[in-house]
Amino acid sequence: MAGSEAVEDKEIKSAVSSCEAYFEKVQSRKNLPKSLQETLNSAFAGIPVSSFPQVPGGRVIEIPAETPVSEAVKILSDSKILSAPVINTDHESSLDWRERYLGIIDYSSIILWVLESAELAAIALSATSATAAGVGAGAVGALGVAALGVTGPVAVAGLAAAAVGAAVAGGVAADRGIGKDAPTAADNLGKDFYQVILQEEPFKSTTVRTILKSFRWAPFLPVSTESSMLSVMLLLSKYRLRNVPVIKSGEPDIKNYITQSAVVHGLEGCKGRDWFDHISALSISDLGLPFMSPNEVISIESEELILEAFKRMRDNNIGGLPVIEGPNKKIVGNISMRDIRYLLLQPEVFSNFRQLTVKSFATKIATAGEEYGLAIPAITCRPDSTLGSVINSLASRSVHRVYVAAGDENELYGVITLRDVISCFVSEPPNYFENCLGFSVKEMLNR
């Protein structure tokens, strides 16, 4: 086995192991009667995906692979969505989804690209025009230790060349940074720094295809219209997919796009049914929630840099963090990947992103105006809250997580995510995917 294949196989096995460990914990703690769980599985297995409500407007937003990243940001923001399928323009007419779609682009992928590109541009701007061409892998490695922790293969050659091109040929005056380190150079660029990243060549021409190759956040795995909702719910819960595209055999376009949030909205609509009312009336503690201990919850202090918050989300493959203060970890706010639209769409915010604390960033987005969407505060519940009240909070507030707060000081006790809620309702029958969809979990995670 080649070296790269061995590494990839190891990563897949690790991902499968992580999924198995999570779901085993869920099943051992939620304590639903076996007969009820089997009834639920049978019910969800009998609901075809085709019956699930369509996305708003009835049309899935798709982004061509050659779309410039700045335009992709605006499409996501204007459509009020966090992700979209990417069409392979080389095979746009293909009826085979493996050829037609490259994957899913989301804010998570874009923020990683923007932050790392920004840091590379800062390196180029800190050099003289004579030495700028020497920016390369060594500089990236050193920068990774100092700023982002990025030392892996992040299209180093291409991004470094782009940074040099923007700094030297783009007219942003590399001599501004002569004799300064990269962070200092970046801090002194003001709005010109933002223009280097998204408004000037060659960054302006960077496409979604390029970003997708470097920052694939999750597997792209569509299901057919004939599949069951049990398959979708297992993919969204146990196997950690954030969204599942729906296709119809022999037709090119994605027919629907089912997210974790949409499924929890669907569960909320089941009020009045015996099985839902029974489960939703249980306290979260009766169901073993939260599934993580307080010490396992990834959080961010309000005085830490916003750059660190996004880095922490990236490193832990999560979409949001509670903002805390003090030794008791008092919950004072929430930062999520969806907040990145403020960073990318407002040059005055982006130009100073290296110095912004989480608290300052939260203040800025709270006063940004409705054109950028509304900032969402931390939504909390108590350890004795019912599952139904948590589902209501997730659905009515359109949030992805509810923080569990304890004591008089709103101390961080845990977090309940969309994934956790869906996991409370399903379990995986033996060899389910091999029997129902015709492929193994390993194959699924490798796509």
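These numbered points go through the predicted model, from the overall fold to single residues.

1. Overall make-up. The protein has 447 residues, and 51% of them are buried. Its secondary structure consists of 21 helices and 12 strands. Take the contacts between residues at least 6 apart in sequence: 70% of these join residues at least 24 apart. The exposed surface comes to about 19,300 Å². Carbon and sulfur atoms account for 51% of that area.

2. First sheet to check. Strands E1, E2 and E3 make an open sheet, in the order E1-E2-E3. The pairing is mixed. Strand E1 (63-64) and strand E3 (101-106) are the edges, each pairing on one side only. E1 runs parallel to strand E2 (residues 83-87), and two bridges join them.

3. Two bridges link E4 with strand E5 (residues 243-247) in the parallel sense. Ser224 has Ile247 of E5 as its bridge partner. As background, strands of a sheet pair through backbone hydrogen bonds, either parallel or antiparallel.

4. Ser302. This residue sits in the loop between strand E7 (300-301) and helix H14 (306-316). Is Ser302 buried or exposed? Ser302 counts as buried because its relative accessibility is 5%, and the cut-off for buried is under 20%. The side chain of Ser302 has a polar contact, at 2.9 Å, with the side chain of Glu325. Beyond its neighbours within four places in sequence, Ser302 touches Val323, Ile324 and Glu325, and also Thr357, Val358 and Lys359.

5. Second largest pocket. The volume is about 190 Å³. Which residues lie nearest its centre? They are Val323, Val332, Gly333, Asn334 and Ala362, out of 15 lining residues. Strand E8 (320-325), strand E9 (330-336) and helix H17 (358-366) each give at least two residues to the lining. Val323 links this point to the previous one: Val323 is also among the contacts of Ser302.

6. Backbone geometry: the cis peptide. Most residues other than glycine have a negative phi, and most peptide bonds are trans. The bond between Leu289 and Pro290 is cis, with omega about -5°. Pro290 belongs to the loop between helix H13 (274-280) and E7.

7. Backbone geometry: Lys80. Phi is positive here, near 55°, in a residue other than glycine. Lys80 is in the loop between helix H3 (69-78) and E2, the strand that E1 joins through two bridges. Lys80 counts as exposed because its relative accessibility is 75%, and the cut-off for exposed is over 50%.

8. Backbone geometry: Ser398. Phi is near 50°, also a positive value in a residue other than glycine. Where does Ser398 lie? Ser398 is in the loop between helix H18 (387-397) and strand E11 (401-406). With a relative accessible area of 36%, Ser398 is partly exposed; that class covers values between the 20% and 50% cut-offs.

How values were computed:
Residues are numbered from 1 along each chain as its sequence is written. This is a predicted model: local features need pLDDT of at least 70, side-chain atom pairs count only at pLDDT 80 or more; totals for chains, interfaces and linings use all residues. Side-chain values use heavy atoms; hydrogens and water are left out. Helices (H or I, at least four residues) and strands (E, at least two) are DSSP runs, numbered from the N terminus. Buried means under 20% relative accessible area, exposed over 50%, partly exposed in between (1.4 Å probe, protein chains only). A polar contact is a pair of N or O atoms within 3.5 Å; within protein, one must be able to donate a hydrogen and the other to accept it, and residues adjacent in sequence count only if both atoms are side-chain atoms. Contact means heavy atoms within 4.5 Å. Two strands pair if DSSP finds at least two bridges between them. Accessible areas come from the Shrake-Rupley method with a 1.4 Å probe; for residues, only the protein chains shown count as cover. On a 1 Å grid over the protein atoms alone, a cavity is a set of points where a 1.4 Å probe fits but cannot get out, and a pocket is an open set with protein on both sides within 12 Å along at least five of seven lines; lining residues have an atom within 4 Å of a point. Grid points are joined across faces, edges and corners, and a volume is the space filled by probe spheres set on the points.
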